Amino acid sequence: LDDCHPGRGGVVVRALRPAMTTNAVPPTASVFCRELRHTFGRRRTSRACVHFRRGRHLGWERRSHVACCSESSWEVDETGGVVFTVNELVAVTFGELFHQGSPGSVCTDTRVVRPGQWFLALSGDTFDGDEFAHDALSAGCAGVVSCRPPPENWTAGWVRVEDTTHALQSLASIVRNKFKGVVVGITGSVGKTTVRELCALALGDETHSHVTKSNFNNHIGVPLTILKAPPDAKVWVLEMGMSAPGEIATLVSIARPTIRVVTNVAPAHLNGVRDVDGVAAAKAEMFANAVPGDVCVLNADDHRVMAMRIPTGCVCVSFGGVGSGADVMFETTQNAGDDDGEDEVFAPNEFRLRDKKNAETINVSLSQPGAHLAQCTACASAIAVVTGMPLTRAGARMESFTSPNGRSRVSRNAKFGITVLDDAYNASPKSVASAFATLRNAKDRGHRTVALLGDMLELGSASHGLHVE
């Protein structure tokens, strides 16, 4: 690896292991090592030789602004999906070609498959995608990617693979290899979706940000999001969730974020990780394999996040409340009980943001209630500032934020004088406590308040105590 330099056109690597991508390896070799690891995936080999274009993988420049990124190169169809030829499908998935098919994007749902798309038949404990192959054929699919051989008299394309989920992830990895812009990966016990939406607003239209939709944040959703990426995007903002150890590591290996974010650590999905320390260990996978030049964004108010190991050579950026010493700090400027002179159920959500490095301070006013929004906005601001976006511009854009459905979203019925605070999406102790604080804000302003509560799920043996609390 010491011989990996611009004067060489290739390198032979024996017994390749992820641990080789360390600070001890020259940066040029480190970049190539990462490319090689994602090219071969998890296949074990005692000797591998990969040739690459002279200079293609040898650049080592930390981009400080997304505007410097040129457009990536791939074709998309009318659905916005990345198009693959049948030869690319076979090569990327290590599949076996049974029937030729025309180029097309990949779809995993026969209910929305379009003519010319490839249907990738995912299977799980309670479903079998192969049962819908003929539905895909009736819809005009170009072919099917399956872990089985084709049925008799099959008339469209067919590629057989060992595992369709791994095939989907491999296709996403190849698109990631071609992407030249910034990838933001966001995880955390609560606040992921809110930070994701705030971040997309802060970065603005000029970045052509490609953002996770809905709850596509798992081992299926993240690859599907990548496979819908437009080639002119300069930033991807990807949400990453988990319910067990190793899941964040899988998502990170596919998306390889250049900006890695952990919003917080709190009791959530305890069934798979036992306790809060297990949650912290799982979330720390976001940072574990970061490479020199990657940016790690941490919550300065969360001691478990601040205790996570950051690999040597990474850039650390923090966010937190006033007095935390974070790079981006927030300070509430409107007290919960203050009267703004208007007949509003909730007090104005106003706070101050300060970018310590650039000595910028701005005031932000959101129309949405929730004390948690100040911290989420500070997190999104830290991400935007890292990309070179001025805090003043990012803050002004975030003032148009509307809470996603089920996440402290407010709706009003003027006829009956009822205001609903909908925080029903996958509740956890921390999110319920935040919702109660917001409801208390309305009560302090003289409004009658009612709480309708359902169960908080996936809390394991701690469930009873957390519900009592």
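Guide: A residue counts as buried when its relative accessible area is under 20%. The model is a predicted one, and by that cut-off 50% of the 469 residues of the protein are buried.

Visitor: How many helices and strands does the protein have?
Guide: The protein has 15 helices and 18 strands. Among contacts between residues at least 6 apart in sequence, 62% join residues at least 24 apart.

Visitor: Why are H2 and H4 called roughly perpendicular to each other?
Guide: Helix H2 (residues 86-93) and helix H4 (residues 164-178) pack at an angle of about 110 degrees. Angles of 65 to 115 degrees count as roughly perpendicular, and H2 and H4 are therefore described in that way. Their axes are 9 Å apart.

Visitor: Which residues of H2 and H4 meet?
Guide: Leu 89, Val 92 and Thr 93 in H2 meet Ala 167, Ser 170, Leu 171 and Ile 174 in H4. By class, this contact of H2 with H4 comprises 5 nonpolar residues, 2 polar residues and no charged residues.

Visitor: Which residues form the contact of H4 with H7?
Guide: On the H4 side they are Gln 169, Ala 172, Ser 173 and Arg 176, which meet Thr 250, Ile 254 and Ala 255 in H7. By class, the contact has 3 nonpolar, 3 polar and 1 charged residues.

Visitor: What makes E3 and E4 edge strands?
Guide: The open sheet of 5 strands has the order E3-E7-E6-E5-E4, with mixed pairing. Strand E3 (96-99) and strand E4 (106-107) each pair on one side only, and they are the edge strands. H2 packs on this sheet, where H2 touches E3, E4, E5 and strand E7 (157-160). The direction of H2 makes about 10 degrees with that of E7. H4 lies across E4, E5 and E6, and runs at about 125 degrees to E5.

Visitor: How do you know that E5 and E6 pair?
Guide: Two strands pair if at least two bridges are found between them. Strand E5 (residues 118-120) and strand E6 (residues 143-146) have 3 bridges, in the parallel sense; the bridge partner of Leu 120 in E6 is Val 145.

Visitor: In which sense does E14 pair with E13, and in which with E15?
Guide: Strand E13 (residues 315-321) and strand E14 (residues 328-332) run parallel and are joined by 3 bridges. Phe 319 has Val 328 of E14 as its bridge partner. E14 pairs with strand E15 (residues 349-355) in the antiparallel sense over 5 bridges, and Thr 332 has Phe 351 of E15 as its partner.

Visitor: What makes the pair His 269 and Glu 458 a polar contact?
Guide: A polar contact requires N or O atoms within 3.5 Å, and the side chains of His 269 and Glu 458 are joined by one of 3.0 Å. His 269 is found in the loop between strand E11 (259-262) and helix H8 (270-273). Not counting residues up to four places away in sequence, His 269 touches Met 242, Ser 243, Asn 426 and Glu 458.

Definitions and conventions: Residues are numbered from 1 along each chain as its sequence is written. This is a predicted model: local features need pLDDT of at least 70, side-chain atom pairs count only at pLDDT 80 or more; totals for chains, interfaces and linings use all residues. Side-chain values use heavy atoms; hydrogens and water are left out. Axes are lines fitted to C-alpha atoms, for helices over the stretch in contact, and angles run from 0 to 180 degrees between N-to-C directions. Helices (H or I, at least four residues) and strands (E, at least two) are DSSP runs, numbered from the N terminus. Angles under 35 degrees count as roughly parallel, over 145 as roughly antiparallel, 65 to 115 as roughly perpendicular and the rest as oblique. Contact means heavy atoms within 4.5 Å. Ala, Val, Leu, Ile, Met, Phe, Trp, Tyr, Cys and Pro count as nonpolar, Asp, Glu, Lys and Arg as charged, and the others, Gly among them, as polar. A polar contact is a pair of N or O atoms within 3.5 Å; within protein, one must be able to donate a hydrogen and the other to accept it, and residues adjacent in sequence count only if both atoms are side-chain atoms. Buried means under 20% relative accessible area, exposed over 50%, partly exposed in between (1.4 Å probe, protein chains only).
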